[in-house]
Amino acid sequence: MDNIRKSFRKIFLTAMSAASVISVQSCLDDNNGYDMSLYYPDAIVTVKPLDDGGFYMQLDEQTTLTAVNMDESPYDEPTRAFVNFSYADVESGDYDRAVTVNWFRDILTKDMVQVPEDVTDLDAEYGSDPVEIMKSWMTAIEDGYFTIHFQTLTSGTGKQHKVNLVQPDPDDPYVLEFRHDADGDNSGVWAWGVAAFRLSAFGFVPGEEVSFTLKWNAYGKEKTHVFKYTPGDAVASQDGTGESEMPGTSALVLG
């Protein structure tokens, strides 16, 4: 967890000031100052609502968490989210571990796009503005989601950057493209974003490894990278492409 917090230390305070965070509790450290560890996420989870209004969290392919200090789900549908938590030394019931949740910050979560037959110009429909996909713990395929951490240039005007994970050819379904439409906001300073895409269109078989080839328009050239994913593994692939820390100083407005 220390490495996770270090990777956010440079920018996460700035990002949180512009984002909606579901805060459950706060506390002070022994030095009469704020416990700074509360500002950094410990993980990305899938928050999964239950029919009775409660919820649980999917931490990785096999590990589930239950919150001892929250009875109601913070979201109406399954949502990928940053979470700050601490383990609780109590019975976890039907789940693997019990935790005390300090806060959630939801991540843009949307379906992968299967390109309709009448769409012939992918650049016009989904954008082709450059991005760099980052090699970090946030770029991962797990729990049926492709979560992507990326950075791009922005002037800081607050324009919404649209991102999509696109499957352009149904005959080659495991080749995907990360598409970015900056709406003209494609110069200035580096900023980062994280988006999660549901892979529910695929009929994954537990224990059967699949390989996804991801393509994207990087600065100066097109890049590709192969991500391997085995549904049911305790730890899914977290192999990305780029720097290991977020270099930006602000978070993008995503759609």
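The legends below describe close-up views of a predicted model of one protein chain.

View 1. The protein chain has 255 residues, and 50% of them count as buried. The exposed surface comes to about 12,500 Å², with carbon and sulfur atoms supplying 43% of it. Among contacts with a separation of 6 or more, 70% are between residues 24 or more positions apart.

**View 2. The largest nonpolar core holds 22 residues.** Phe146, Ile148, Leu165, Phe178 and Leu214 have the most contacts inside this core. The elements that give two or more residues to the core are the strands β11 (145-154), β12 (160-167), β13 (175-181), β14 (189-198), β15 (210-217) and β16 (222-229). Of these, β15 gives the most, with 4 residues. Another core, of 16 residues, lies apart from this one; Val47, Met57, Leu65 and Ala67 are among its members.

**View 3. Leu165 and the residues in contact with it.** Neighbours within four places in sequence are left aside here. Leu165 then touches Phe146, Ile148, Phe178 and Leu214, which, like Leu165, are among the residues with the most contacts inside the largest core. Its contacts also include Met112, Val113, Leu176, Glu177, Phe197 and Leu199. In strand pairing, the bridge partner of Leu165 in β13 is Phe178, a residue that is also in contact with the leucine.

**View 4. Strand β12 pairs with β8 and with β13.** Strand β8 (residues 113-114) and β12 run parallel and are joined by 2 bridges. On the pairing with β13, the strands run antiparallel, with 5 bridges between them. β12 is mostly covered, as 6 of its 8 residues are buried. In a regular strand, side chains alternate between the two faces of the sheet.

**View 5. Asn84 has a side-chain polar atom 2.7 Å from the backbone oxygen of Tyr40.** Asn84 belongs to strand β5, which spans residues 79-87. Why does Asn84 count as buried? Its relative accessibility is 1%, and the cut-off for buried is under 20%. The polar atom placed 2.7 Å from the Tyr40 oxygen is on the side chain of Asn84, whereas the oxygen is a backbone atom.

Notes
Residues are numbered from 1 along each chain as its sequence is written. This is a predicted model: local features need pLDDT of at least 70, side-chain atom pairs count only at pLDDT 80 or more; totals for chains, interfaces and linings use all residues. Side-chain values use heavy atoms; hydrogens and water are left out. Buried means under 20% relative accessible area, exposed over 50%, partly exposed in between (1.4 Å probe, protein chains only). Contact means heavy atoms within 4.5 Å. Accessible areas come from the Shrake-Rupley method with a 1.4 Å probe; for residues, only the protein chains shown count as cover. A nonpolar core is a set of buried Ala, Val, Leu, Ile, Met, Phe, Trp, Tyr and Cys residues joined through side-chain atoms within 4.5 Å. A polar contact is a pair of N or O atoms within 3.5 Å; within protein, one must be able to donate a hydrogen and the other to accept it, and residues adjacent in sequence count only if both atoms are side-chain atoms. Two strands pair if DSSP finds at least two bridges between them.
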